[in-house]
Amino acid sequence: MRDPGLDIFQQTLEGLEQGLSVRHIASFDLKCCSIDDQVAAVCDDRRFRNFDQAPVERDGRIVGVLEFSNRGKSGTVVEHMRPLDDSMLVSAAEPLASYVRHAGDSDYRLVLQGISIRGIVTRTDLLKLPVRLFIFGLVTHLEAVMSRIIRRYYPEPELWLPFLTDDRQERVLEKVQKRDKPLLELAEFCDKRTIVHQHFNLSNKFESDLKHVEKLRNTVAHGSSYAETEEELQAFVEYVRVAERWIKDLKERIPPASEDIDQPNQV
């Protein structure tokens with residue numbers, strides 16, 4: 001028997017993936033340069049001041065991209081541009097989650113609508129609200145899986161509280177005096193991570209991975225940047241993949257609801 005609560009989370013994320021696509025973060029006010037333009041002039045053109053690249057046109061068709069890493073070079077655009085190939089393209093209808101998982105492969109993609117290139121999506125577009133919604137939902141799903149594990153094995157708070165340090169126990173118990181909620185709902189992400197880590201005797205990599213995931217969640221929630229540099233972009237994509245891997249791993253560890261488990265007498 002599957003857990004209906006986790007199924008709802010999974011369905012919600014799948015709905016979010018289907019509802020959000022690359023078109024929701026791409027820029028469609030596409031500004032292009034010509035193959036005959038001078039590189040220096042394009043790099044200094046105010047039209048491209050918010051971009052690190054410029055699509056290149058010839059006879060009204062996009063044939064490549066001038067990357068501004070060529071700034072300072074002499075000559076025409078055609079001499080330094082990156083010729084168009086399929087690795088530079090993404091469909092506007094591509095699910096956002098799928099794009100995010102592979103965003104580390106390139107700083108940008110040209111966006112296809114139908115059979116025409118109409119827009120561009122870049123690293124900075126990953127900071128937009130649709131991506132933040134997806135990331136926040138993903139980490140919330142991971143936390144829900146950990147909560148389900150704790151409830152399954154430790155149905156009473158006195159069974160899981162001893163996994164926490166004295167300080168963390170006090171923090172959780174202080175909250176329950178102010179808010180009339182089940183104790184586990186007042187435990188934080190880090191508390192659930194600690195309990196699940198010890199219960200399954202997982203490697204320290206679990207602890208390290210989830211610390212990074214929690215930090216990403218906090219960064220996203222507080223509106224901070226997480227993909228301004230190439231290094232940040234690669235870390236961001238990796239932590240998305242890490243969260244998805246641990247969701248899959250932990251869900252597979254949850255016994256069916258119909259299966260009895262030995263409840264611990266003490267911890």
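In the predicted model, helix 9 (residues 189-199) packs against helix 10 at an angle of about 165 degrees, with the two axes 10 Å apart. Angles over 145 degrees count as roughly antiparallel, so helix 9 is roughly antiparallel to helix 10. The crossing of helix 9 past helix 10 is right-handed. On the helix 9 side, the contact involves Phe189, Cys190, Arg193, Thr194, Val196 and His197. These residues meet Asn204, Phe206, Glu207, Leu210, Lys211, Glu214 and Arg217 of helix 10. By class, the contact of helix 9 with helix 10 comprises 5 nonpolar, 3 polar and 5 charged residues.

Helix 10 (residues 204-221) also packs with helix 5 (residues 129-153). Here the angle is about 140 degrees and the axes lie 9 Å apart. Helix 5 and helix 10 are therefore oblique to each other. Helix 5 passes helix 10 in a left-handed crossing. Helix 5 contributes Arg132, Ile135, Phe136, Val139, Leu142, Glu143 and Met146 to the contact. From helix 10 come Phe206, Leu210, Val213, Leu216, Arg217, Thr219, Val220 and Ala221. The residues in the contact of helix 5 with helix 10 divide into 11 nonpolar, 1 polar and 3 charged.

Aromatic pairing was examined next. The whole structure holds 5 aromatic pairs. One of them joins Phe48 and Phe68 in an edge-to-face arrangement, with 6.2 Å between centres and 80 degrees between the planes. This pair links distant parts of the chain, 20 residues apart. Phe48 lies in the loop between helix 2 (39-43) and strand 2 (53-58). Phe68 lies in the loop between strand 3 (61-67) and helix 3 (77-80). Both Phe48 and Phe68 are buried.

Tyr154 and Phe163 also form an edge-to-face pair, 5.2 Å centre to centre, with 70 degrees between the planes. Residues under 20% relative accessible area count as buried. Tyr154, at 9%, is therefore buried. Phe163 has a relative accessible area of 13%, so Phe163 is buried.

Pro255 is placed in the segment after helix 11 (230-253). With a relative accessibility of 9%, Pro255 counts as buried. The C-alpha atom of Pro255 is separated by 9.6 Å from that of Tyr153. Along the chain, Pro255 and Tyr153 are 102 residues apart.

Methods:
Residues numbered from 1 in each chain as written. Predicted model: local features only at pLDDT ≥ 70, side-chain atom pairs only at ≥ 80, totals over all residues. Heavy atoms only, no water. Axes fitted to C-alpha atoms, helices over the stretch in contact; angles between N-to-C directions. Helix = DSSP H or I, 4+ residues; strand = E, 2+ residues; numbered from the N terminus. Parallel < 35°, antiparallel > 145°, perpendicular 65-115°, else oblique. Left-handed = near helix turned anticlockwise from the far one by under 90°. Contact = heavy atoms within 4.5 Å. Nonpolar A, V, L, I, M, F, W, Y, C, P; charged D, E, K, R; others polar. Buried < 20%, exposed > 50% of the residue type's maximum accessible area, 1.4 Å probe, protein only. Phe/Tyr/Trp six-rings, centres within 6.5 Å; stacked < 30°, edge-to-face > 60°.
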